[in-house]
Amino acid sequence: MEITDQCVVAMTWTLKDTLGETLDVLDEPVEFLVGGQDLLARVEQALQGHTVGSRVQLHLEPEDAFGDYDEEKVFLESRSLFPPDLEEGMTIEGHALPQGTNPDAPRDMIYTVTELYPEHVVLDGNHPLAGIAIRLDIQVAGVREATEEEIGTGTCGTGFFRVQPQAPGNNLLH
């Protein structure tokens with residue numbers, strides 16, 4: 001079966017930056033809905049017409065991947081607003097930001113804690129790969145027709161490098 005819109009493709013990949021540094025490796029196949037919300041548009045375009053066993057290599061500039069880095073999505077907040085077990089690398093959904101944080105911080109974004117200081121926390125609403133050109137080496141491991149439910153929801157439940165919220169163990173930020 002060839003890859004077309006409204007089908008599900010199982011794939012593995014190696015993701016590198018333009019200097020050849022490996023950023024992510026997916027060894028076990030994961031399913032993504034083509035024609036939904038799971039994949040970047042350029043990845044979907046490149047996969048069209050391929051079949052099981054195909055290898056697709058892509059170079060994506062930031063505008064075709066995760067966008068340019070936007071300094072206006074970075075916020076400095078008071079450390080006292082956050083739980084003591086907050087750590088660098090944790091993510092917080094914007095709607096779950098503690099009361100007292102900058103009202104200009106959009107509540108429909110996911111923020112990564114990029115730096116912790118005794119008095120301040122740096123929250124970054126950019127995707128971790130924003131501003132980076134990437135090289136993607138994809139292996140197609142499976143192709144099947146999408147179910148009605150997958151088409152209806154627009155996803156197989158696995159987004160392509162979607163940032164998932166990871167609040168501290170006590171879930172104070174959810």
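Strands β5 and β6 run antiparallel and are joined by 3 bridges; strands here are DSSP runs of E with at least two residues, helices are runs of H or I with at least four residues, and both are numbered from the N terminus. Two strands count as paired if DSSP finds at least two bridges between them. Within this pair, Glu93 stands opposite Ile110 in β6. The model is predicted: local features need pLDDT of at least 70 and side-chain atom pairs count only at pLDDT 80 or more, while totals for chains, interfaces and linings use all residues. Residues are numbered from 1 along each chain as its sequence is written, and side-chain values use heavy atoms, with hydrogens and water left out.

β5 and β6 belong to an open sheet of 4 strands in the order β4-β7-β6-β5, with antiparallel pairing. β4 (74-78) and β5 (91-93) are at the edges and have a single partner strand each, so one side of each lacks a neighbour in the sheet. Neighbouring strands of this sheet are turned by 35° against each other on average, direction ignored; the axes are lines fitted to C-alpha atoms, for helices over the stretch in contact, and angles run from 0 to 180 degrees between N-to-C directions.

Tyr117 lies in the loop between β6 (110-116) and β7 (120-124). With a relative accessible area of 39%, Tyr117 is partly exposed (buried means under 20%, exposed over 50%, partly exposed in between, with a 1.4 Å probe and protein chains only). Leaving aside neighbours within four places in sequence, Tyr117 is in contact (heavy atoms within 4.5 Å) with Arg79 and Val122. The C-alpha atoms of Tyr117 and Arg79 are separated by 7.3 Å, although the two are 38 residues apart along the chain. The side chains of Tyr117 and Glu115 are joined by a polar contact of 2.3 Å; such a contact is a pair of N or O atoms within 3.5 Å, where within protein one must be able to donate a hydrogen and the other to accept it, and residues adjacent in sequence count only if both atoms are side-chain atoms.

Another set of pairings involves β1. This strand pairs antiparallel with β2 over 9 bridges, and Val8 stands opposite Leu33 in β2. With β8, β1 pairs in the antiparallel sense over 11 bridges, and Met11 stands opposite Val140 in β8. Of the 11 residues of β1, 9 are buried.

The largest nonpolar core has 25 residues, of which Ile3, Val9, Trp13, Leu39, Val43, Leu47 and Ile138 touch the most other members. A nonpolar core is a set of buried Ala, Val, Leu, Ile, Met, Phe, Trp, Tyr and Cys residues joined through side-chain atoms within 4.5 Å. At least two residues of this core come from each of β1, β2 (22-34), α1, β3 (55-60) and β8 (134-145). Another core, of 12 residues, lies apart from it and includes Leu97, Ala105, Met109 and Tyr111.

Glu44 lies in helix α1 (residues 41-47) and is buried, with a relative accessible area of 12%. The side chain of Glu44 reaches the backbone nitrogen of Gly35 at 2.9 Å.

The protein averages a pLDDT, the predictor's confidence in each residue from 0 to 100, of 89, and 91% of the residues score at least 70. Over residues 164-174 the pLDDT is below 50. Where pLDDT is low, the predicted coordinates should not be read in detail.
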